[in-house]
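Hi,

Here is the structure I promised to pass on to you.

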Amino acid sequence: MSKSDKVLAQVQARAGHAPVALGLILGSGLGHIADMVEGEAFDYAELEGFPVSAVSGHSAKLVVGQLWGQRVAVFGGRAHYYERGQADAMRVPLELLKALGADRVILTNAAGSFRSDIPPGDLMLISDHINFSGLNPLIGEDTDARFVNMTNAYNAEMRAGLEAAAKAEDIPLKSGTYSWYSGPSFETPAEINALKILGTDAVGMSTVPEVILARFLGLEAAAISVITNMAAGLGTEDISHAHTKNMAPIGAAKLEKILRQFIEA
Ligand code: HPA
């Protein structure tokens, strides 16, 4: 039995066998949505093969159940590459999501913005990414499935659905390119300048490895950044994790409305 088979048995024993329609992976300061699910909650620590995430602002639990009329699996908190140097830290959770029957996943994160028209407190719909870390969660995978086509990594239909949901809620939702920086230190202004030249609209320390894994597993993916600050050198605020956690709830309220519209539709 593989790690994800064991975890699947463990989760289905309590949460039942009905297929899950959608997965949600929540970023820093956005974990409260997990508490809105009516269902069974599992601490990551009790699920074999799940990462132990100790980043403050992440609640590190999986909840499987009903959210706004759909059966979902919500991952409150993720593990990041920067915690243990594992780019595939979220592989077992994503394999579990697939095994639970989901065919779609929405990822959220906190990010620094490069654009004055997407200021802190706003959201950005990720249309594409730049893997600036050069790391890859599929290194070591030895089947030809590792050669994943990343051309349409962020599903057009899901993006259109999220844009329509934002419009219905009267919430601005611009799209842009997200760059993955390994962290945990923040970027230097020179790195931000380099990323800007490369075409970045927002930068953060997650999501890219999970989207690569999702596409590898055949899950359709979409992702939204909650902008907590202007990227280094582009704004006046003092960039810190405390600032990220303070700012995240502002975007999180908007995010919740959009996700609700999207999931109910
Ligand atoms: N850089 C990287 N990660 C982040 C940032 C940032 O400016 N803000 C929130 N997460």
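Leaving out neighbours within four places in sequence, Leu 96 is in contact with Ser 4, Val 7, Leu 8, Val 11, Phe 50 and Leu 62 (contact means heavy atoms within 4.5 Å). This is a predicted model, in which local features need pLDDT of at least 70, side-chain atom pairs count only at pLDDT 80 or more, and totals for chains, interfaces and linings use all residues. Residues are numbered from 1 along each chain as its sequence is written, and side-chain values use heavy atoms, with hydrogens and water left out.

Back to Leu 96, which lies in helix α3 (helices are DSSP runs of H or I with at least four residues, strands are runs of E with at least two, and both are numbered from the N terminus). Its relative accessible area is 0%, so Leu 96 is buried (buried means under 20% relative accessible area, exposed over 50%, and partly exposed in between, with a 1.4 Å probe and protein chains only). Arg 115 is 19 residues from Leu 96 along the chain, and the C-alpha atoms of the two are separated by 36 Å.

The rest of the helix is worth a look too. Besides Leu 96, the buried residues include Arg 91, Val 92, Pro 93 and Glu 95. What covers the buried residues of α3? Among the elements that do so are α1 (3-15), β1 (22-26), β3 (61-67), β4 (70-76), β5 (104-113) and α6 (208-217). After α3 comes Gly 101, whose phi is positive, near 105°.

Now to the ligand. The space it takes is the largest pocket (on a 1 Å grid over the protein atoms alone, a pocket is an open set of points with protein on both sides within 12 Å along at least five of seven lines; a molecule sits in it if more than half of its atoms lie within 2 Å of its grid points). Among the residues around the ligand are Ala 110, Phe 186, Glu 187, Met 205 and Thr 244 (each has a heavy atom within 4 Å of it). Strands β5, β8 (202-204) and β9 (220-230) each supply at least two residues of this shell, and β5 gives the most, with 3 residues.

Which polar side-chain atom lies 2.7 Å from a nitrogen atom of the ligand? That atom belongs to Asn 229. The protein covers 96% of the 260 Å² of accessible area that the ligand has on its own (by the Shrake-Rupley method with a 1.4 Å probe). A polar side-chain atom of Thr 228 lies 3.4 Å from a ligand nitrogen, and a polar backbone atom of Gly 112 is 3.4 Å from a nitrogen of the ligand.

Ser 206 lies in the loop between β8 and α6 and counts as buried at 5% relative accessibility. A polar contact of 3.4 Å joins its side chain to that of Arg 78 (a pair of N or O atoms within 3.5 Å; within protein, one must be able to donate a hydrogen and the other to accept it, and residues adjacent in sequence count only if both atoms are side-chain atoms).

Glu 38, in strand β2 (residues 38-43), is exposed, with a relative accessible area of 65%. Not counting residues up to four places away in sequence, Glu 38 touches Gly 65 and Gln 66.

Best wishes

Methods
On a 1 Å grid over the protein atoms alone, a cavity is a set of points where a 1.4 Å probe fits but cannot get out, and a pocket is an open set with protein on both sides within 12 Å along at least five of seven lines; lining residues have an atom within 4 Å of a point.
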